[in-house]
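Open the structure in your viewer and keep the selection tool at hand. This tour goes from one selection to the next and says what is there.

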Amino acid sequence: MLWGAGYSDTGPDHLYVASTTGTHDIKGQNVDLEGPFLGPAIGDLDGDGQPELVVCSAYSDATYGSGRILVFDLATLALRAISDPVVDNYAWTGVHDFKLEDVENNGRMSIVIGADYLYDGAIEIYRFDSDNTFTRIWTNATRPVGNPFNFVEVADLDNNGTRKIIAGNTVAHTGSGVYVYVYDYPSGVQSWRSVALASGFSSVNGLIVEDLNSDGNKEIAALVSTGDLYTWDGPSRQLRNLLQGTNGTLLSNRASPAGLVLGDISGVGHFLQWGNDSYTETFTRQLATDCDPYGYPPCINGLNVTPDNSLWTGTGSILHQRLAPNYDNVAWQSPEVGNSFGRFVATATRNNQPCVFSSAQHAVVGLTMTPPTTPTPTPNPRATPRPRPTPAPRP
């Protein structure tokens, strides 16, 4: 016998399976995972040369529990393991971001999450081993009060082979502010914090740590919910540029040429190149229409550029792909999946079939990308010109 329970209270919701014979004992129940889901991301976690597909839920147990990490085998899509609730089950505002990064410089990806511990900013890094176990190998030593982390990145900022953990926060209660933080790895010590980027209940809405002009040094770009775009030099941490009033809501890097894509409140994508401590807008594209003028819901759920330089945008319940270099038209789109679809995007080839993976409020979805076939038009007999008779020769 199968039944669902939990609707009548605020506790977790489970599907139960019980025997109809004997003692009628419960044989099992599902894990209650709560969206929006983060990911998926694809990488080799256990060092066997084969990639895994990784997902994280924002919460569990009807939002009373912290998010949980799920690892699937990419080849079979079989679930290998589900972690315990992260941050010791004290991520009260949920998991906001996660990445796969080779933090130990051993060719294996680790799982990096940005969240909170009782509202204070928390970052955790987990190792996943071949025996399907999770081990927490790092967390930040000091946690900013009232500042859950919205975004997290890992990069060698100083060009010395040492990783730094970079994060931008949102605000959980009054008395805190909006900043970008840098933590040392492996010590966990906070080594830098930016000036206050905004006041009140604002947040970092986008964080990119990349070499934006291909000069060998990384930049840190942070988009704030006020629309201001800050850019720092990575090695020196000095502020190089402040672009105000962009109306930006999302930020993505570009594969080639290096630079940024900024999505604004009206659904326009601004393609920016960095040089001489300033941005040049090379072109714009209308990526979404029928946008709410106040940004609720956001016009674009997600903005991602994959290594093949494809631009992926989530709009409403649909994911769109646009091709480089001009991104003029939609080359492929998904069916309608659900709210918030398209924030994260990962692509892979499985069984010689190109696939795309993304997530929504209620689900993580993988889709094959077979291009539509163009039917061969059937000739219209009436449209076929009749042969003209050969005129008789004149005398």
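This is a predicted model: local features need pLDDT of at least 70, side-chain atom pairs count only at pLDDT 80 or more; totals for chains, interfaces and linings use all residues.

**Stop 1: a surface patch**

Select Y90, W92, L118 and Y119. Together they make a nonpolar surface patch of about 390 Å². W92 sits in the loop between β10 (79-82) and β11 (97-101).

**Stop 2: the largest nonpolar core**

Next, select V54, I69, F98, I111 and I113. The largest nonpolar core has 23 residues, and these five touch the most other members. To see where the core comes from, colour the strands β5 (38-43), β6 (52-56), β9 (69-73), β11, β12 (110-117) and β13 (120-128): each of them supplies at least two residues of this core.

Centre the view on F98. Which residues does F98 touch, if those up to four places away in sequence are not counted? The list is L38, G39, A41, V54, V55, C56, I111, V112, I113 and F344.

Another core, of 19 residues, lies apart from the largest one; A155, L157, V180 and Y230 are among its members.

**Stop 3: A222**

Select A222, which is in strand β20 (residues 219-224). A222 has 0% relative accessibility, so it counts as buried; the cut-off for buried is under 20%. Show the residues around A222: leaving aside neighbours within four places in sequence, it is in contact with V180, V204, G206, L207, D228, L229, Y230 and W232. A222 and N150 are 72 residues apart in sequence, and their C-alpha atoms are 11 Å apart in space.

**Stop 4: aromatic pairs**

How many aromatic pairs does the whole structure hold? A search finds 16. Select Y181 and Y183 to see a stacked pair, with 6.3 Å from centre to centre and 15° between the planes. Both of these tyrosines are buried.

Finally, select W192 and W232. Their ring centres are 5.7 Å apart and their planes are at 80°, so this pair is edge-to-face. W192 is in strand β18 (residues 190-193) and W232 in strand β21 (residues 229-233), so the pair ties together parts 40 residues apart in sequence. Both W192 and W232 are buried.

Key. Residues are numbered from 1 along each chain as its sequence is written. Side-chain values use heavy atoms; hydrogens and water are left out. Patches are made of residues with over 30% relative accessible area and no salt bridge: like charges are joined within 9 Å, nonpolar side chains (Val, Leu, Ile, Met, Phe, Trp, Tyr) within 5 Å. Accessible areas come from the Shrake-Rupley method with a 1.4 Å probe; for residues, only the protein chains shown count as cover. A salt bridge is a side-chain nitrogen of Lys or Arg within 4 Å of a carboxyl oxygen of Asp or Glu. Helices (H or I, at least four residues) and strands (E, at least two) are DSSP runs, numbered from the N terminus. A nonpolar core is a set of buried Ala, Val, Leu, Ile, Met, Phe, Trp, Tyr and Cys residues joined through side-chain atoms within 4.5 Å. Buried means under 20% relative accessible area, exposed over 50%, partly exposed in between (1.4 Å probe, protein chains only). Contact means heavy atoms within 4.5 Å. Rings of Phe, Tyr and Trp (its six-membered ring) pair if their centres lie within 6.5 Å; planes under 30 degrees apart count as stacked, over 60 as edge-to-face and the rest as tilted.
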